[in-house]
Amino acid sequence: MSDTNLSIADEVEAAVKAGSSDKCCETMRRVAALFSMSVGNLNEEQVTLFGDVLDRLINTIELRALAEIGAKVALAELSAQLAPIAQAPAPEVRRLARHDEISIAGPMLTESARLSPQDLVEIAQSKGEPHLLAISSRWWLKEIVTDALLARRFKSVSHRLMKNPGARISPAGFAIVLAQAETDPELAVETGIRVDLPAELRNQLLRKATEAVRTRLLSRAPKHLFEDIRKAIFAASASAKREMSGERDFAAASHLVAMLKVEGRLDEEALCGFARRRRYEETVIALAELSESNAEVVRPLMQSLQSDGILVPCKVANLGWQSVTLVLDCRFSTGATGPDELARLKGQYAKLTAAEARRLLRLWMIKPPSPAPRSH
């Protein structure tokens, strides 16, 4: 060992024996600086020796002085200094990466190549949001790591991962993000323009997206994805229109609902049964009967791409909100009304009075609501 190394060893011993946090921090800086300058010429045994020295200093600082700002700063500096070094002593890297203080753990979590995917998974499962955000910023992440990150369901982490082109996302991971994106338009856009999003999941996202989200997604689409996204948006829009304006036969539905009415069994529960099973025609006729209107009024409201109008016969029929959501979703053969739209409609429904709804319904019975898509 060189004279320099001997003097450093003596200094470490003196700092530890003295118990001075300032002295330990200063010595740790000197050891880290020496390691950084000489790492290219060190063998594995020498790297381990430096690690043991740093570990001893870290132990002393954490035991005696971690509550002091200076000690935290010194450990954060050490973390930042060692993080870019590929040969940094692995035990100390792992120790700093698991530190509860994000200022200390952050540099390692973001940059250190000494952390294995298993290390990152363990930290993702046990630490808080700041640590997960730091991991999400790494330039390369395997699916096993992103699965662990997304399983914690922090939206901030999902945003960062969707913006990180080096983060590999599994179909299960994307499924978690898509569920979050239903109430987060920006996340929907960030997810929709990722090149590795499977086509079927992109179509699923677009079917549930608002027109505003679809427009923003198209405006931010990479050139090589633009045409695919444009076609998917067109298909999603056309599908919604077909579902709400396709030709239908109401004769059998009218006969069934009439029988239920004669038997005294036409009520909110019967309507919900139709809507829950997506029996569109029966739902239309039953709602018309319960609201004391007619199918010529209810059908255009069910066809419309705007959802507000159908709230009127629902209010006149005195339906509870859960029943209203079933009626809203019954307009589609698959899928459901988006969470943001449901929240808006719930507020509208609460404000709408029965008297106002009856007045509107009487007007529409004289002149059915327009404009409307083509009649069934």
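## Ground rules

The model is predicted, so local features need pLDDT of at least 70 and side-chain atom pairs count only at pLDDT 80 or more, while totals for chains, interfaces and linings use all residues. Residues are numbered from 1 along each chain as its sequence is written, and side-chain values use heavy atoms, with hydrogens and water left out.

## The whole protein

Of its 376 residues, 47% count as buried. Here buried means under 20% relative accessible area, exposed means over 50%, and partly exposed lies in between, using a 1.4 Å probe and protein chains only.

The accessible surface comes to about 18,700 Å², and 55% of that belongs to carbon and sulfur atoms. Such areas come from the Shrake-Rupley method with a 1.4 Å probe, and for residues only the protein chains shown count as cover. Contacts (heavy atoms within 4.5 Å) tell another part of the story: among those between residues at least 6 apart in sequence, 65% join residues at least 24 apart.

## Helices H10 and H11

Two packed helices are described by the angle between their axes and the distance between the axes. For helix H10 (residues 155-163) and helix H11 (residues 171-181), the axes come within 11 Å and cross at roughly 115°. The axes are lines fitted to C-alpha atoms, for helices over the stretch in contact, with angles running from 0 to 180 degrees between N-to-C directions. The crossing of H10 and H11 is left-handed, a label used if the near helix is turned anticlockwise from the far one by less than a right angle, with right-handed used if clockwise. H10 brings Lys155, Ser158 and Met162 to the contact, and H11 brings Phe174, Val177 and Gln180. These residues divide into 3 nonpolar, 2 polar and 1 charged; Ala, Val, Leu, Ile, Met, Phe, Trp, Tyr, Cys and Pro count as nonpolar, Asp, Glu, Lys and Arg as charged, and the others, Gly among them, as polar.

Each helix also has its own set of buried residues. In H10 they are Val157, Ser158, His159, Leu161 and Met162, and they pack against helix H8 (129-136), H9, H11 and H12. In H11, the buried residues are Gly173, Phe174, Ile176, Val177, Leu178, Gln180 and Ala181. Their cover includes helix H9 (143-151), H10, helix H12 (185-192) and helix H13 (199-208).

## The loop joining the pair

Gly166 sits in the loop between H10 and H11 and is buried, with a relative accessible area of 9%. Leaving aside residues up to four places away in sequence, Gly166 touches Trp139, Trp140 and Leu141. Gly166 and Arg138 are 28 residues apart in sequence, yet their C-alpha atoms are 7.8 Å apart in space.

Ser170 also belongs to the loop between H10 and H11, and counts as buried at 5% relative accessibility. With residues up to four places away again not counted, Ser170 touches Glu143 and Asp147. The side chains of Ser170 and Asp147 make a polar contact at 2.6 Å. A polar contact is a pair of N or O atoms within 3.5 Å; within protein, one must be able to donate a hydrogen and the other to accept it, and residues adjacent in sequence count only if both atoms are side-chain atoms.

## Two residues at 0%

Ser112 lies in the loop between helix H6 (102-111) and helix H7 (117-126), and counts as buried because its relative accessibility is 0%. A polar atom of the Ser112 side chain lies 3.2 Å from the backbone nitrogen of Arg114. Beyond four places in sequence, Ser112 touches Ala83, Val93, Pro107 and Arg138.

Ile58, in helix H3 (residues 44-64), is buried at 0% relative accessibility. Ile58 touches Met28, Leu75, Leu78, Arg95 and Leu96, not counting residues up to four places away in sequence.

## Positive phi values

Arg278 is not a glycine, yet has a positive phi of about 60°. Arg278 is in the loop between helix H17 (268-276) and helix H18 (280-290), and counts as partly exposed at 32% relative accessibility.

Asn318, likewise a residue other than glycine, has a positive phi near 60°. Asn318 is in the loop between helix H20 (311-316) and helix H21 (321-330), and is exposed, with a relative accessible area of 63%.

Terms used:
Helices (H or I, at least four residues) and strands (E, at least two) are DSSP runs, numbered from the N terminus.
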